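This report goes through one protein model, from its backbone details to the contacts between its parts. The sequence and the structure come next.

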Amino acid sequence: MHSQAELDPYYLALSGMASEQTDGLTDTYCARCHTPIGVVSGEVPPVDGSDLSEIAKKGVQCDFCHSVTESDGTANAKFTLTPDGTKQGPFDDSRSPAHNTEYSELHTKAEFCGMCHDVNHLTNGLPLEATYTEWKNGPYAAQGIQCQDCHMTPGITGYQANPGKASGIGREREHIWTHFGVGGNVFMTEYLGSKTHAIMAVDRLQRAAQVEVVSGSSVVPGESYEFKVTIKNIGAGHYLPTGLTESRQMWLDITVTDGAGTEVYNSGALDEDGNIDTGAVVYHTILADAEGNPTEKVWEAQSILSDHRIPPKGEDIETHNFTMPEEVTLPVSITAILEYRSAPQELIDHLLGEEFEVPVVYMTQDSKTIGDEDKSIPGFQITFPVMLGLLLLLFSMRGNKK
Ligand code: HEC
Ligand code: HEC
Ligand code: HEC
Ligand code: HEC
């Protein structure tokens with residue numbers, strides 16, 4: 001996604017709209033993160049990319065990242081570029097015939113990523129994206145686990161060495177930082193033609209969370225039935241989801257079926273237009289404009305109306321209840337599937353036209369069967385008398401000793 005940050009049609013559509021509605025106020029603000037070279041070279045505005053040089057079209061690319069010499073702190077792209085041909089990187093002993101090299105501690109730290117992965121509103125400072133801050137205040141930062149450990153190694157949920165050479169003439173090293181730049185974006189990676197990145201994003205999402213159905217009371221036909229589902233963020237170093245969270249969506253698709261295969265409850269299914277049923281709990285943020293109305297237009301945002309997401313190593317518990325039908329056939333089974341997508345289908349229909357289908361990514365699931373206690377009670381019925389018998393025996397033995 002770094003190499004596509006400027007050409008990404010979702011970005012182009014939204015930044016174009018922002019430019020139009022703010023009379024160009026947002027032009028270099030948005031582009032400083034999406035095409036930093038385009039901004040420092042004065043090729044933005046226009047925001048449609050028509051004046052961009054080939055190198056600026058490559059978005060967040062090699063020369064940009066490896067020419068950053070200083071940072072003025074995190075959020076809103078406070079980088080200093082020194083494009084003098086010297087490449088900044090993590091090694092103090094690398095030599096290249098093509099360019100000078102210099103060791104940069106900044107590149108080895110989350111603060112490097114945090115320059116762009118915290119986005120505050122241009123005029124009112126409202127935190128729109130807070131991936132770096134979420135990480136900084138969480139358990140991974142406390143353990144010294146950087147963004148790079150999960151995003152630039154094969155480990156995904158923690159550091160894993162990737163021995164090799166950074167170039168044909170480079171020396172063999174214990175670890176070479178991978179540069180796939182993968183997060184959760186299956187939608188754009190697939191659309192832009194990289195199956196490799198899409199598959200890696202699916203794998204990453206599937207390792208981020210754990211779901212458990214906690215069965216409730218026993219089933220009584222015609223009565224209310226309650227159960228809980230826990231979702232744990234076990235793999236992401238920040239909130240789940242993170243980043244552009246007014247657009248990202250994570251939710252549970254829950255189905256309860258009885259022994260005859262009849263569906264007795266559902267939450268989180270998609271309707272025929274691809275929208276999530278309105279009763280479902282969606283993990284995301286909702287931004288509000290000056291009137292307090294929900295908006296996806298980040299430039300209009302004045303406050304955060306709601307923020308329902310899962311902190312790193314944290315969990316959320318959803319409680320569901322419904323009336324069990326009179327004619328229910330036992331046993332009843334509950335299946336909860338955790339799903340993710342990069343944007344609501346209706347938002348993309350509106351911004352990009354209806355030919356874009358936002359893929360729904362399966363993350364993980366759990367199931368429980370309730371109402372087959374008849375089968376489980378015999379175990380209890382056998383164990384209980386045996387235990388009682390043993391206890392009585394013990395007491396009688398103590399009695400005998402006296
Ligand atoms: C988003 C910023 C970013 C982009 C884009 C990027 N790099 Fe890197 N690169 C890094 C960081 C950060 C490290 C060091 C990570 C660490 O030490 O924790 C690194 C490490 C390296 C290294 C050191 C050897 C290694 O792999 O560990 C080389 C060489 C390198 N990058 C080359 C490239 C090339 C070539 C490209 C373009 C194809 C590129 N980088 C694009 C940020 C970037
Ligand atoms: C110059 C700003 C900049 C820097 C520095 C930067 N990024 Fe990014 N990053 C972006 C932008 C912009 C995107 C989104 C591109 C898009 O979706 O069109 C992005 C996307 C990503 C994604 C993909 C998100 C997804 O939804 O799949 C990951 C993962 C990521 N960055 C991690 C990192 C890490 C780790 C570092 C530090 C080594 C880093 N970035 C440094 C600007 C930056
Ligand atoms: C412990 C491992 C870990 C650490 C540390 C970590 N990440 Fe992630 N990251 C993940 C996983 C797993 C996902 C996929 C689940 C998700 O989307 O949140 C992810 C997703 C992302 C995404 C895509 C989010 C979305 O849904 O669009 C971005 C952007 C990102 N990470 C950036 C960062 C940055 C920047 C840092 C450091 C400040 C960082 N990550 C630290 C594991 C990690
Ligand atoms: C401080 C850096 C920064 C600024 C400023 C910024 N962005 Fe981004 N943008 C990012 C990062 C980082 C991501 C990736 C987050 C993620 O994957 O969830 C991103 C992702 C996006 C995406 C999602 C693309 C996709 O394919 O899912 C859109 C759209 C977007 N930005 C539009 C904008 C617009 C419009 C503006 C200006 C109003 C803007 N951005 C300003 C850093 C920035």
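Ala75 is placed in the loop between strand E1 (68–71) and strand E2 (79–81), where helices (H or I, at least four residues) and strands (E, at least two) are DSSP runs numbered from the N terminus. The phi angle of Ala75 is near 75 degrees, a positive value in a residue other than glycine. The model is a predicted one, in which local features need pLDDT of at least 70 and side-chain atom pairs count only at pLDDT 80 or more, while totals for chains, interfaces and linings use all residues. Residues are numbered from 1 along each chain as its sequence is written, chains are lettered from A and ligands numbered from 1 in the order in which they are written, and side-chain values use heavy atoms, with hydrogens and water left out.

|---|---|---|
| Leu240 to Pro241 | near -10 degrees | between strand E8 (224–233) and strand E9 (249–257) |
| Leu330 to Pro331 | about -5 degrees | between strand E14 (315–323) and strand E15 (332–341) |

The axes of helix H1 (residues 9–21) and helix H2 (residues 27–34) come within 9 Å and cross at roughly 160 degrees; axes here are lines fitted to C-alpha atoms, for helices over the stretch in contact, and angles run from 0 to 180 degrees between N-to-C directions. H1 and H2 are therefore roughly antiparallel to each other, a term that applies to angles over 145 degrees. In this pairing, Tyr11, Ser15 and Ser19 of H1 meet Asp27, Cys30, Ala31 and His34 of H2, contact meaning heavy atoms within 4.5 Å. The residues of the contact of H1 with H2 divide into three nonpolar, three polar and one charged.

The domain assignment, which is automatic or comes from a database, gives domain 1 (1–65), domain 2 (81–179) and domain 3 (207–377). The C-alpha centres of domain 1 and domain 2 lie 22 Å apart, and nine residues of domain 1 are in contact with 12 residues of domain 2. Between them these two domains bury about 810 Å², 70% of it on carbon and sulfur atoms, buried area being the accessible area (1.4 Å probe) that two parts lose on being put together, summed over both. On the side of domain 1, Tyr29, Phe64 and Cys65 lose the most area to domain 2, together 55% of what that side buries.

One salt bridge is counted between domain 1 and domain 2, with the term standing for a side-chain nitrogen of Lys or Arg within 4 Å of a carboxyl oxygen of Asp or Glu. Asp63 forms a salt bridge with Lys87, with the closest N and O atoms 2.8 Å apart. By this rule the model has 11 salt bridges, including that of Glu134 with Arg309, whose closest N and O atoms are 3.1 Å apart. Glu134 lies in helix H7 (residues 131–136) and Arg309 in the loop between strand E13 (303–308) and E14, so the pair ties together parts that are 175 residues apart in sequence.

How values were computed:
Parallel < 35°, antiparallel > 145°, perpendicular 65-115°, else oblique. Nonpolar A, V, L, I, M, F, W, Y, C, P; charged D, E, K, R; others polar.
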